[in-house]
Amino acid sequence: MARIGGVDLPGRKHITISLRYLFGIGPKLAADICTLAKIPPNKVTDSLDENELRAIREIIDANYKVEGDLRREIQMNIKRLMDLGCYRGLRHRRGLPVRGQRTHTNARTRKGPRKGVLSRKK
């Protein structure tokens, strides 16, 4: 089983599909990595030899941020927005949608379960 960036890649899938298991690599980047490493995109991950795996690792390390580094950078960007006190940072801090979505009727994923109105009985 191939292991890149601390992630085990599935062995019975094409390499372009397997590379997508890494956080930060999507379809386009997976195809680009295969092209740079001169590996056919439909080659199965289990059939890769050590030289091909090393080439993929070197390309990813040299050109892309993936997994922990990328997650850390994203979290630092969010923390920076919150420290600045800008509108997006306030929305992050309050746990509300950040990109201008309406919150009157939707946004249950960000806001959490409904808090019902308590009614008094007479």
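**Pocket and helix packing in a predicted model**

Reader: How much space lies in the largest pocket?

Author: This is a predicted model; local features need pLDDT of at least 70, side-chain atom pairs count only at pLDDT 80 or more, and totals for chains, interfaces and linings use all residues. Residues are numbered from 1 along each chain as its sequence is written, and side-chain values use heavy atoms, without hydrogens or water. A pocket is an open set of 1 Å grid points where a 1.4 Å probe fits, with protein on both sides within 12 Å along at least five of seven lines. The space in the largest pocket is about 170 Å³.

Reader: Which helix gives the largest share of the lining of the largest pocket?

Author: Lining residues have an atom within 4 Å of a point. Among them are Ile 74, Asn 77, Arg 88 and His 92. Helices H4 (67–84) and H5 (87–94), DSSP runs (H or I) of at least four residues, each give two or more residues. The largest share, five residues, comes from H4.

Reader: How many charged residues are in the lining of the largest pocket?

Author: Asp, Glu, Lys and Arg count as charged. The lining also has four nonpolar and two polar residues. Its charged residues number three.

Reader: Are H4 and H5 roughly parallel or roughly perpendicular?

Author: Their axes, lines fitted to C-alpha atoms, come within 7 Å and cross at roughly 105°. Angles of 65 to 115 degrees count as roughly perpendicular. Therefore H4 is, to H5, roughly perpendicular.

Reader: Which residues of H5 meet H4?

Author: Contact means heavy atoms within 4.5 Å. H4 brings Ile 78, Leu 81, Met 82 and Asp 83. From H5 come Arg 88, Gly 89, His 92 and Arg 93.

Reader: At what angle do H2 and H3 pack?

Author: H2 covers residues 27–37, and H3 covers residues 50–63. Their axes lie 9 Å apart. The angle is about 120°.

How values were computed:
Axes fitted to C-alpha atoms, helices over the stretch in contact; angles between N-to-C directions. Points joined across faces, edges and corners; volume = space filled by probe spheres on them. Parallel < 35°, antiparallel > 145°, perpendicular 65-115°, else oblique.
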